[in-house]
Amino acid sequence: MDRQLAHGPPSERAIGALERDLTEELAPEIEALRGVPFFEDLTPEDLRRIATIGERRTFGAGEPIVTKDSVGGGLYVILSGTATVEAGGKVHRLGPGQFFGEMALLARRPRSATVTAEETVEALTLEATYFRPFLIKNPSVAVTILEGVAERLREVQDRVAREHAGTGSGEPS
Ligand code: CMP
C-alpha cells in the first residue's frame with residue numbers, strides 16, 4: 001500500500017509540506033514585497049505568487065538596468081536604492097516602491113529610455129511572459145501601473161506645452 005502510494009500522486013500532506021517549505025524559503029522575499037506600496041492591495045497568497053515568479057536582482061551604481069531601444073526583458077519594481085531615467089529631455093529619479101519597464105511590455109515595443117542605477121539598486125523583476133497574465137490576475141496592480149503611465153505622460157505633456165508657450169510656438173489662443 002505504502003509502496004503504491006509512493007508511485008502514485010503526491011498526498012495532500014506531502015503537498016502541504018512542500019508548500020510550507022517554499023513559503024519558509026520565500027519568507028524574506030515576501031517580507032520585502034509587503035513593504036512596497038505598489039503591492040499593498042495584494043493578499044499574502046498573491047505576494048507569495050509574486051515572490052515565486054519574480055526574481056530579485058541587484059545593480060551596481062552607474063549600471064544600466066534597461067537600455068534604450070533594447071528588446072525584451074521584464075517589469076522592474078525597485079525594492080531599495082534609486083535609479084534615473086532620462087525621458088523627454090528631463091532626468092527623472094525613481095526610488096523604492098516605484099516601477100519601470102512597463103512601457104515596452106504594454107506597447108510590445110523596444111525600451112523607450114535607458115534606466116540607470118544611481119546607487120546600488122535592488123529590484124524585483126517580473127519576466128515579460130508573466131506580465132500580462134499577472135496583470136489580469138491582479139487588477140489593483142494593473143490600475144497602479146495605469147496611474148503611473150498616465151502620470152508620466154501628463155508630466156511630459158505639461159512640459160512640452162510649457163516649452164511651446166515659452167518659445168511662442170504653441171497654438172494661437
Ligand atoms: P520602458 O520603455 O520599458 O523602458 C524604459 C522605462 O523608463 C519605461 O519603460 C518607463 O518605465 C520609464 N520611463 C519612461 N519615461 C518616463 C518618464 N517620463 N518618467 C518616469 N519613467 C519613465
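A strand, as the word is used in these legends, is a DSSP run of type E with at least two residues, and strands are numbered from the N terminus.

**Figure 1. The hairpin of strand 4 and strand 5 in the predicted model.** The structure shown is a predicted model. Two residues stand between strand 4 and strand 5 in this hairpin, and Gly 88 takes a positive phi near 60° there. Strand 4 covers residues 83-87 and strand 5 covers residues 90-94; the two pair in the antiparallel sense over five bridges. Ala 83 has Leu 94 in strand 5 as its bridge partner. Strand 4 also runs antiparallel to strand 7 (residues 115-117), to which three bridges join it.

Figure 2. Strands of a sheet pair through backbone hydrogen bonds, either parallel or antiparallel. Five antiparallel bridges link strand 1 (residues 55-59) with strand 8 (residues 121-126). Within this pair, Arg 57 has Ala 123 of strand 8 as its bridge partner. Strand 3 (residues 75-80) likewise pairs with strand 8 in the antiparallel sense over five bridges. Here Val 77 stands opposite Leu 124 of strand 8. In a regular strand the side chains alternate between the two faces of the sheet.

Figure 3. Which residues come nearest to the ligand? Of the 17 residues around the ligand, they are Ala 87, Phe 100, Met 103, Ala 104 and Ser 112. Strand 4, helix 4 (102-107) and helix 6 (139-167) are the elements that give two or more residues to this shell.

**Figure 4. The buried face of helix 3.** Helix 3 spans residues 44-53, and its buried residues are Leu 47, Ile 50 and Ala 51. Seen down the helix axis, these buried residues fall within an arc of 100°, so they line one face of helix 3. An α-helix has 3.6 residues a turn, so residues three or four places apart point the same way.

Figure 5. Glu 29 lies in helix 2 (residues 12-34). Why does Glu 29 count as partly exposed? There are 19 other C-beta atoms within 10 Å of Glu 29, whereas a buried residue needs 20 or more and an exposed residue has 12 or fewer. If residues up to four places away in sequence are not counted, Glu 29 touches Ala 51 and Arg 56. Ala 51 is one of the buried residues of helix 3. Between Glu 29 and Lys 137 there is a separation of 108 residues in sequence and of 20 Å in space, taken C-alpha to C-alpha.

**Figure 6. Thr 116 and its contacts.** Thr 116 has its place in strand 7. Thr 116 is partly exposed, with 19 other C-beta atoms within 10 Å. Leaving aside neighbours within four places in sequence, Thr 116 is in contact with Gly 62, Glu 63, Pro 64, Ile 65, Ala 83 and Thr 84. Thr 116 and Ile 50 stand 66 residues apart in sequence and 24 Å apart in space, C-alpha to C-alpha.

**Figure 7. The setting of the close-up views in the protein.** The secondary structure of the protein comes to six helices and eight strands. Along the sequence these elements follow the pattern α-α-α-β-β-β-β-β-β-α-β-β-α-α. The protein has a radius of gyration of 21 Å, well over the 16 Å that the globule rule gives for 173 residues, so the protein is more spread out than a compact globule. Along the principal axes, the C-alpha atoms fill a box of roughly 85 × 35 × 30 Å. Of the 173 residues, 16% count as buried. Among contacts between residues at least 6 apart in sequence, 72% join residues at least 24 apart.

How values were computed
Residues are numbered from 1 along each chain as its sequence is written. This is a predicted model: local features need pLDDT of at least 70, side-chain atom pairs count only at pLDDT 80 or more; totals for chains, interfaces and linings use all residues. Two strands pair if DSSP finds at least two bridges between them. Helices (H or I, at least four residues) and strands (E, at least two) are DSSP runs, numbered from the N terminus. A residue is near a molecule or strand if its C-beta atom, placed from the backbone, lies within 6 Å of it. Two residues are in contact if their C-beta atoms, placed from the backbone, lie within 7 Å. The arc is that of the directions from the helix axis to the C-beta atoms. The radius of gyration is taken over C-alpha atoms; the globule rule is 2.2 Å times the number of residues to the power 0.38.
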